[in-house]
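Please look over the sequence and structure shown here before reading on.

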Amino acid sequence: MFYKEENKMKAFFNIGLTLLLTIILFTSSYPSSAVKSTSYNKNLIETNLLIGISSENDGLKLSSINLAGDIKSDKSVIELLKVLNLDTNEKIRGAAALSLVKIGDERGIKAIEFASRFDNSTYVKKLCKMFFSYYVKNK
C-alpha cells in the first residue's frame, strides 16, 4: 500500500513539474513582438451601431446607444437625435441624451438644451438639464 501511494506522489510531482516547465518554456520563448495589438474598424462598428440604435429590441438599442457615446460616434448623432425626440421609452431617451453629450456634437447639445426646458417627460427633462449643465461646466 505504501508503494502505491509513493508512486501516486511521484506521478503527481512529475505532472506538476512538467506543467511548470511547459509554462516557463512557453512564456519565455514566445516573443512579445509577436503579440499584435487589436485594431478595430471604426466605420464597420459605427454602421452596426446605427442598425442597433434603430432596432425594435430595447436591449440592443440601449447597448448601441451607450457604445455610440463611449466611442464618440459622430455618425450616430442623427439617429440619437431621433431617439431623443421620438422614442417612447424614457430610459432609452435619457441614454441617447447622455451619448449625445459624450459625443459633444453641437446639434446634440442644442437638442439636449431644448429638451431640458421643453420636453414633455419630467424624467427626460431632468436628465437633459443635468447633462447640459455638466457639458457647460466641463466644455
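This is a predicted model: local features need pLDDT of at least 70, side-chain atom pairs count only at pLDDT 80 or more; totals for chains, interfaces and linings use all residues.

The contact involves residues of α5 including Glu90, Gly94, Ala97 and Val101, and residues of α7 including Val124, Leu127, Phe131 and Tyr135.

**Helix α7**

- Helix α7 spans residues 122-137, and its 16 residues reach 23 Å from the first C-alpha to the last, close to the 22 Å expected at 1.5 Å a residue.
- Its buried residues are Val124, Leu127, Cys128, Phe131 and Tyr135, and they lie on the same side of α7 because they cover an arc of only 100° around the axis.
- These buried residues pack against α4, α5 and α6, whereas the face turned away from the buried side carries the exposed residues Thr122, Lys126 and Lys137.
- At the start of α7, a side-chain oxygen of Ser121 comes to within 3.3 Å of the backbone nitrogen of Tyr123.

**Helix α3**

- Helix α3 covers residues 58-70, and its 13 residues reach 18 Å from the first C-alpha to the last, close to the 18 Å expected at 1.5 Å a residue.
- Lys61, Ser64, Ile65, Ala68 and Gly69 are buried in α3, and their arc of only 135° around the axis puts them on the same side of the helix.
- The elements that cover the buried residues of α3 include α2, α4 and α5.
- At the start of α3, a side-chain oxygen of Asn57 reaches to within 2.9 Å of the backbone nitrogen of Gly59, while Lys72, which follows the helix, has a positive phi near 55°.

Terms used:
Residues are numbered from 1 along each chain as its sequence is written. Side-chain values use heavy atoms; hydrogens and water are left out. Helices (H or I, at least four residues) and strands (E, at least two) are DSSP runs, numbered from the N terminus. The expected span of a helix is 1.5 Å times one less than its number of residues. Buried means under 20% relative accessible area, exposed over 50%, partly exposed in between (1.4 Å probe, protein chains only). The arc is that of the directions from the helix axis to the C-beta atoms. Contact means heavy atoms within 4.5 Å. A polar contact is a pair of N or O atoms within 3.5 Å; within protein, one must be able to donate a hydrogen and the other to accept it, and residues adjacent in sequence count only if both atoms are side-chain atoms.
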